[in-house]
Amino acid sequence: MNMSQGKFLLAVVVLIGMLCLSPGCITQETGHEQIVLKVVPAGSLLQPFDEVERAFEVQHPGVDVQIEGHGSIQAIRQVTDLHRPIDVVAVADESLIPDLMFRPDPATGKNFTDTCIPFATNSMVIAFTNKSRYADEITQENWYKVLSRPDVRVGISNPMLDAAGYRSIMVTLLADRYYSSSTVFPVLIGSHFTPPLVAEDIGGILTVRLPEVLRPSDEKLVIRDGSIFVLSHLEAGGIDYAFEYRSVAEGHNLRWINLPHEIDLSSPLYADEYGTVKVVLGFQRFSSIGQDRTGLPIVYAVTIPNNAPDRELAQEFSDLVVHMARIGGKGWPAPLD
C-alpha cells in the first residue's frame, strides 16, 4: 500500500466514524440508518440500565441505545441547562423532576417535561470492602463511631450534583437525632469543609445550607461527582467507607451495613421523620426552584423530555424500565410496593 492509498483509507475510516457519531449511522450489516436513542440515568442506575439496553436492542435491532450516567441533578441539567436532545432521563429522586423540569424552556415556551413515572425505591447504606479499616468491627450499632475514627476515610457524592450526596448529609442529620447525639453530622461531614457546614434548627427542621462551591478542608472526607465514582474510589482502596445506595453495593459485590429504617430514607412509614431534615443547595440558579431538598423516602422516576428526538421509542424504553424494575434483580433498586 502506497502513502496516498493509506491516506485515502484513513480518510474513509474517519468519515465513517463521524457518520456514526451523528444521530443516525449506516450499519454495514443492513445498509439501513440506525436510530440512536439517548438515555441519561442517575449513576446508580447504570448497571440495571445496561440490562434494559440489551433487552431493548434485541426487540429493536435498528436502534442503538446510548447510556450516559450522571448524578441526578446533572442528568436533568443535560436538558434544562445544556439543552441537549435527550430521549429519556431517569433520576434517583422523583421530586427533582417537577422542581427542575415542570417549567418553561425559554427556547420553546413549553415545559421541559410535564410527566414522570415513579418506578423503584432504595435505601442508604454504609458500603465497604474487606480492605476497609475496622471492617471486622463495624456493626449497625457502632457504624458512626467507626467512621468517626481519625484514620478512617469516608466518601460521599457531591450533594450539589447528585441525590446520593445530599441524602448522605440527611442520613447523618437523622442519625444525630436517632442516637441522641450532636456529633455525627459535624464529625463525619460538616467539619471537613472550609468554611465548615453547620446544621441549624429552623422550626424543628435541621437545615444545612451549602455554599455555591464546596471546598473540602482535609483528606478524611472524599467527594466525587456521583455515587458510582465514589464506588470506584472505594473499590480501589482510596477510602474505607462510602454512603451508598444498597442496590449499588449489592450490584458490585461490596459489603455493607444496613442502617435503621428511621434514618436510611427507605420507608414511607418514617416520611414524617425524614421531613425533619433539609439540605439547601448553594446554586444561585436554584434560588427560586429546586433549591431546598427536604428529606423524603427514596423514589426513582423516569421522564421523557418534551424535546426528545423520538418520543415513541422513548416511551417504549420507559415502559420497559418500569416493567423490568418490577421484576428487579441484582443491582436493581427495589420495586415500589
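Arg77 is buried, with a relative accessible area of 18% (buried means under 20%, exposed over 50% and partly exposed in between, with a 1.4 Å probe and protein chains only). The model is predicted, and local features need pLDDT of at least 70, side-chain atom pairs count only at pLDDT 80 or more, and totals for chains, interfaces and linings use all residues. Residues are numbered from 1 along each chain as its sequence is written, and side-chain values use heavy atoms, without hydrogens and water.

Arg77 belongs to helix α3 (residues 72-80); helices (H or I, at least four residues) and strands (E, at least two) are DSSP runs numbered from the N terminus. The side chain of Arg77 makes polar contacts with the side chains of Gln74 (2.5 Å) and Asp81 (2.9 Å). A polar contact is a pair of N or O atoms within 3.5 Å; within protein, one must be able to donate a hydrogen and the other to accept it, and residues adjacent in sequence count only if both atoms are side-chain atoms.

Strand β7 (residues 154-157) runs parallel to β10 and is joined to β10 by four bridges. Ser157 stands opposite Arg224 in β10.

How values were computed. Two strands pair if DSSP finds at least two bridges between them.
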